[in-house]
Amino acid sequence: FYKRHKMLSSSITRACLKQGTRRLAASNVRGLSTSNANLQADSKLYELRTYSLVPQKVGEFMKLSNEKFYLRTQHSVLLGYWTTELGGLNEVVHLWEYGSASERAGVRAKLGGDPEWQAEYFQKILPWLQYQDNLTLSSLSKVEDATSSSDKPGFYQLWQFEMSGLPDQWTQAFTEAMTNLQNENRTLCGVFKSELGDMNSGMAIWKHADINHLNHIKQDFFKSDQGKALWGEVKSAKSKFLAPTQFSNWK
């Protein structure tokens, strides 16, 4: 009896310690605080679209897009349009800005009734698409506008973290952790929270000045106290290396 009692007590103690460690980690994530100077969100709606292309048609798709995509951008604000170089193959990613969900709905309706857009671009690319995905985002920080990108080309990186806690438990810590990773070699273009599509993800888009520094940000994240605390709340994470197209506003 004594031996069984001792084993049971040890099991309970280990379980309590484990639960206490998890609570402390979550508390550390919620308790992180830095200056809110760069954490100015807005009320706009952002849409991230990802298209997987038929490999044999990537060249034709990009050629037509370079020639005709102005037909799309005359309807709403395009922030970034990229080809995925690492983290995906035969893929394009684009980020759109809308003032509201109703504005987006109006734009989509106009595109459906725009004969030039339909005939000269949209109907032509349909056979070249293997898969399409989209999700809407709300901003957690100031987002670079379509005209503020430097003329000097950069190298972009998209981070997406699927979180385990409720949004109000991680959004501030996620935003601050991303903001504090900025330095002279990289710029944070925006920090976002998913709304429709993925329901509980945090996303960040970076612009790097040097392609050889792409991995430095990951190393800096895991070395930081904020990164270590936040990582305990992450279910899964992925990143993509993105190259801007000639018609992307974020170069």
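Predicted model: local features only at pLDDT ≥ 70, side-chain atom pairs only at ≥ 80, totals over all residues.

Reader: In what order do the eight strands close into a barrel?
Author: Helices (H or I, at least four residues) and strands (E, at least two) are DSSP runs, numbered from the N terminus, and two strands pair if DSSP finds at least two bridges between them. In this barrel the pairing is antiparallel, and the order of the eight strands is β1-β3-β2-β8-β5-β7-β6-β4.

Reader: Which residue is the bridge partner of T50 in β3?
Author: Strand β1 pairs with β3 in the antiparallel sense over eight bridges, and it pairs with β4 in the antiparallel sense, also over eight bridges. On the β4 side, E47 stands opposite T136. On the β3 side, S52 has E91 as its bridge partner, while the partner of T50 is V93.

Reader: How many residues of β1 are buried?
Author: Buried means under 20% relative accessible area, exposed over 50%, and partly exposed in between, with a 1.4 Å probe and protein chains only. From β1, L45, E47, R49, Y51 and L53 point one way, whereas Y46, L48, T50 and S52 point the other way, and all are buried. The strand is mostly covered, and its count of buried residues is nine of nine.

Reader: Why do the buried residues of α2 line one face of the helix?
Author: In helix α2, which spans residues 58-68, the buried residues are F61, M62, L64 and S65. They line one face because, seen down the axis, the directions from the helix axis to their C-beta atoms fall within an arc of 165 degrees.

Reader: Which residues are exposed on the other side of α2?
Author: The buried residues of α2 are covered by elements including β1, β2, β3, α5 and β4, where contact means heavy atoms within 4.5 Å. On the other side of the helix, the exposed residues are G59 and K63.

Reader: Which residues touch the most other members of the largest nonpolar core?
Author: A nonpolar core is a set of buried Ala, Val, Leu, Ile, Met, Phe, Trp, Tyr and Cys residues joined through side-chain atoms within 4.5 Å. Of the 21 residues in the largest one, those that touch the most other members are F61, F69, Y81, V92, Y121 and I125.

Technical notes. Residues numbered from 1 in each chain as written. Heavy atoms only, no water.
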